[in-house]
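Please read the following report alongside the sequence and the coordinates. It moves from the overall fold to individual residues.

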Amino acid sequence: MAAEQMADTGDEPVRAADPAPVPPARPLDAVDRDILRILRTDGRASIRSVAERVHVSRANAYARINRLVEDGVIRGFGARIDHERAGQGASAYITLKIVQNSWRTVREQLQALPGTTHIALVSGDFDVLLLVHTPDNRALRELVLTRIQSIPEVLSTRTLLVFEETDLGPLPDRPAELA
C-alpha cells in the first residue's frame, strides 16, 4: 500500500492519516502479573476478590485493572465457548495465499465472515491462518467456496478440518508460567 494518496486535484500527494499513536508499554510488576493471571482464569472475578488475592486495596486493584485496560494490556473480557455445544459443530483452519500488500483489506473482509474466531498474518508457505466454526460441513463448504474464495485478493485456500480440539486456556491448577 502506498503511504501517500493523491489529492482530488492530482497535484500534490496527501499523507494518509496515521492511526492514533500507541503509548509505550509500561513495565508490569508482580502484582500486575498476578492480576492478569487471575483475570485470565476468571474474567468475572470481582475487584474485591482480585484485591484480596493479590493483597492490595480494592482502590489499588481497580486502578491497576483500569490502567491495564487503558494501556491495551487487557484487550477485553470474554467467555471461552464450547463451539460444538453452541451449535458450531464443524471447525477448520483455513490457510490463504493473498495478493501482496492486501493484508488490511483481506483482514477486514475475513472479520465480517460468520464463525471467524481467529485471524493471523503468518510467514511461510501461506500468508493468513484463519480459524472458523460453522454449524456443519455444508456451511463450512459454503463459507470457503463462496465467501472466502470470492474475495478478489485471495489467491488460494487450503482447508484443514479439525477433528478434535483441546482448549489450553488457563486453569486454576495450571502453573502461572503456563497460563
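## Basis of the description

This is a predicted model, in which local features need pLDDT of at least 70 and side-chain atom pairs count only at pLDDT 80 or more, whereas totals for chains, interfaces and linings use all residues. Residues are numbered from 1 along each chain as its sequence is written, and side-chain values use heavy atoms, with hydrogens and water left out.

## Overall architecture

The protein chain has five helices and six strands, where helices (H or I, at least four residues) and strands (E, at least two) are DSSP runs numbered from the N terminus. Read from the N terminus on, these elements follow the order β-β-α-α-α-β-α-β-β-α-β.

Of the 179 residues in the protein chain, 26% count as buried; buried means under 20% relative accessible area, exposed over 50%, and partly exposed in between, with a 1.4 Å probe and protein chains only. Among contacts with a separation of 6 or more, 60% are accounted for by residues 24 or more positions apart, a contact being heavy atoms within 4.5 Å.

## The pairing of α1 and α3

Helix α1 (residues 30-41) and helix α3 (residues 58-70) have axes that come within 11 Å and cross at roughly 80°. The axes are lines fitted to C-alpha atoms, for helices over the stretch in contact, and angles run from 0 to 180 degrees between N-to-C directions. The two helices α1 and α3 are therefore roughly perpendicular to each other, the term covering angles of 65 to 115 degrees, while those under 35 count as roughly parallel, those over 145 as roughly antiparallel and the rest as oblique.

On the α1 side, Val 31, Asp 32, Ile 35, Leu 36 and Leu 39 meet Arg 64, Ile 65, Arg 67 and Leu 68 of α3. The residues of this contact between α1 and α3 divide into six nonpolar, no polar and three charged, with Ala, Val, Leu, Ile, Met, Phe, Trp, Tyr, Cys and Pro counted as nonpolar, Asp, Glu, Lys and Arg as charged, and the others, Gly among them, as polar.

Asp 32, which lies in helix α1, counts as buried at 1% relative accessibility. Its side chain makes a polar contact with the side chain of Arg 64 (2.8 Å); such a contact is a pair of N or O atoms within 3.5 Å, where within protein one must be able to donate a hydrogen and the other to accept it, and residues adjacent in sequence count only if both atoms are side-chain atoms.

## Two nonpolar cores

A nonpolar core is a set of buried Ala, Val, Leu, Ile, Met, Phe, Trp, Tyr and Cys residues joined through side-chain atoms within 4.5 Å. The largest has 17 residues, of which Ile 94, Leu 96, Ile 98, Leu 110, Leu 130, Val 132 and Ile 148 touch the most other members. The elements giving two or more residues to this core are β3 (90-98), α4 (103-111), β5 (128-134) and α5 (137-148). A second, separate core of 14 residues includes Ile 35, Ala 51, Val 56 and Ile 65.

## Individual residues in strands and loops

Thr 95 has its place in strand β3 and counts as buried at 8% relative accessibility. His 55, in the loop between α2 (47-54) and α3, has a positive phi of about 65° although it is not a glycine, and His 55 is exposed, with a relative accessible area of 71%.
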